[in-house]
Amino acid sequence: MMDAGNLLIGQTGGPTAVINASLAGLIAEAHSQPQIKQIYGMRQGIEGLLKHQWTDLTQLPAETLNMLAQTPAAALGSSRYKAAEADYERMLAVCRVEDVRYMALIGGNGTMALCQHIADFAAAQGDDLRVIGVPKTIDNDLTMTDHTPGYGSAARFLAWATRDTGLDLESMVTFDDVLILEALGRHTGWLAAASALAKGDRDEAPHLVYVPEFTFDEAQFLDDVRRIHSRLGRIFIVIGEGIRDHNGTFIGGYNAPVDALGRVLYSAAPGAAAYLADRVREALHLQVRFIRPSLIGRDFSACVSDVDRREAWQVGQAAVDALAQGETGCMITLERISDQPYQIETGRVPLSAVAGSEKLLPPEFFDPSESMITSAFLQYASPLMGEPLPPMVRL
């Protein structure tokens with residue numbers, strides 16, 4: 001058995017609709033581990049760790065934990081603070097003061113790199129702090145795991161929103177011509193692709209999907225819009241926010257500012273959907289609307305996937321189990337055992353295999369010639385959305 005000590009938990013990066021289920025799973029499992037004495041939560045991620053702004057989570061009752069698991073966004077508060085080299089000594093010093101022997105950070109790519117750095121720094125200092133990464137990202141771009149908690153619920157939202165808004169466009173076909181929906185996804189098209197998961201036939205929304213993994217050709221785009229609109233009298237298009245031209249320039253991201261991590265701030269730019277709506281109006285003289293759901297789909301608890309919430313809790317539990325067994329410097333994974341019936345189990349991989357890498361949408365999941373997902377993606381992603389969407393009818 002490991003030496004007794006306290007557990008410190010943090011949430012970093014963008015929230016999700018189920019990130020608190022991982023937090024609840026961590027807390028619940030920590031109660032069953034005799035070597036974990038107190039459970040603390042850092043406020044606003046690493047910034048709270050550095051400032052010693054913590055919340056005691058030890059005495060939360062089971063009823064509160066169950067409600068926490070159903071609460072969207074980061075209950076502890078999150079952060080995108082980029083740690084400097086001098087910060088790591090401060091992190092260890094604060095943890096020593098509070099007898100923190102175990103640390104779990106819930107997050108995405110940046111968080112896993114941070115976890116690895118903390119674990120490596122602690123080991124180099126001869127400190128027995130154990131650090132583990134708990135996966136979370138709606139972008140589904142963490143490597144070495146089948147998928148990430150947060151993605152299934154965001155995918156469910158986009159599929160549902162696309163289907164229903166597609167019916168709206170179909171209803172208003174004598175007035176509206178084109179609707180462009182911009183999905184989150186800086187470098188990957190996992191979310192944009194999910195918009196087609198509720199598509200029943202080729203005439204249902206979406207009619208075209210564009211993802212960052214494939215170069216965006218504006219001339220071809222306009223030809224595709226013209227072709228489909230001439231057949232249906234309407235067209236529903238989904239684009240990933242990070243689509244780029246042949247020069248690698250983000251569509252609609254021209255002159256956009258960047259965040260602390262050097263990433264384009266799409267929220268402060270006109271965006272790809274707005275830009276393309278203008279181009280369609282100018283070139284094709286069609287009536288166009290565009291939608292940027294943005295953070296709505298990231299935290300929308302009414303569309304949570306039951307599978308996603310359950311798995312978010314499981315990775316939290318698995319993280320505490322790993323820490324109790326002496327693991328450090330690793331990330332919890334979800335490993336698919338079968339598709340029919342859908343089954344997963346948790347695993348562990350070294351953070352060194354995850355940090356600094358990004359999982360792109362595989363070529364077999366998307367057909368660029370049709371700008372549409374394939375049956376392979378449908379088989380992969382459908383189980384992650386949970387319960388089937390309510391049926392619809394046409395008169």
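Does Ser-294 count as buried, exposed or partly exposed, and what is its relative accessibility? Keep that in mind while you look through these views of a predicted model.

**View 1. Ser-294 sits in a loop.** At 34% relative accessibility, Ser-294 counts as partly exposed, because buried means under 20% and exposed means over 50%. Look for Ser-294 between strand E9 (288–291) and helix H10 (295–299). Its phi is positive, about 50°, even though Ser-294 is not a glycine. Most residues other than glycine have a negative phi.

**View 2. Ala-73 has a positive phi too.** This residue isn't a glycine either, yet the phi of Ala-73 is near 70°. You'll find Ala-73 in the loop that runs between helix H3 (62–68) and H4. With a relative accessible area of 27%, Ala-73 is partly exposed.

**View 3. Glu-89 belongs to helix H4.** Helix H4 covers residues 85–97. Glu-89 is partly exposed, and its relative accessible area is 35%. Leave out residues up to four places away in sequence, and Glu-89 touches Arg-96, Phe-121 and Gln-125. Now pick out Ala-122: it is 33 residues away from Glu-89 along the chain, but their C-alpha atoms are separated by 8.7 Å.

View 4. Pro-206 is in the loop between helix H7 (190–194) and strand E7 (208–210). Pro-341 lies in the loop that links strand E10 (330–339) and strand E11 (342–350). Most peptide bonds are trans.

**View 5. Phe-377 is part of the largest nonpolar core.** That core has 73 residues, and Leu-7, Tyr-151, Leu-197 and Phe-377 touch the most other members. Skip the neighbours within four places in sequence, and the contacts of Phe-377 include Tyr-151, Trp-190, Leu-197 and Phe-365. Apart from this core lies another one, of 30 residues, among them Tyr-40, Met-42, Leu-49 and Met-103. In soluble globular proteins, nonpolar side chains tend to be buried together.

**View 6. Zooming back out, the protein chain has 12 helices and 13 strands.** Its C-alpha trace spans about 70 × 45 × 30 Å along the principal axes. Of the 395 residues, 56% count as buried. A compact globule with 395 residues would have a radius of gyration near 21 Å, and the chain's 22 Å agrees with that.

Technical notes:
Residues numbered from 1 in each chain as written. Predicted model: local features only at pLDDT ≥ 70, side-chain atom pairs only at ≥ 80, totals over all residues. Heavy atoms only, no water. Helix = DSSP H or I, 4+ residues; strand = E, 2+ residues; numbered from the N terminus. Rg over C-alpha atoms; globule rule 2.2 N^0.38 Å. Buried < 20%, exposed > 50% of the residue type's maximum accessible area, 1.4 Å probe, protein only. Core = buried A, V, L, I, M, F, W, Y, C linked by side-chain atoms within 4.5 Å. Contact = heavy atoms within 4.5 Å.
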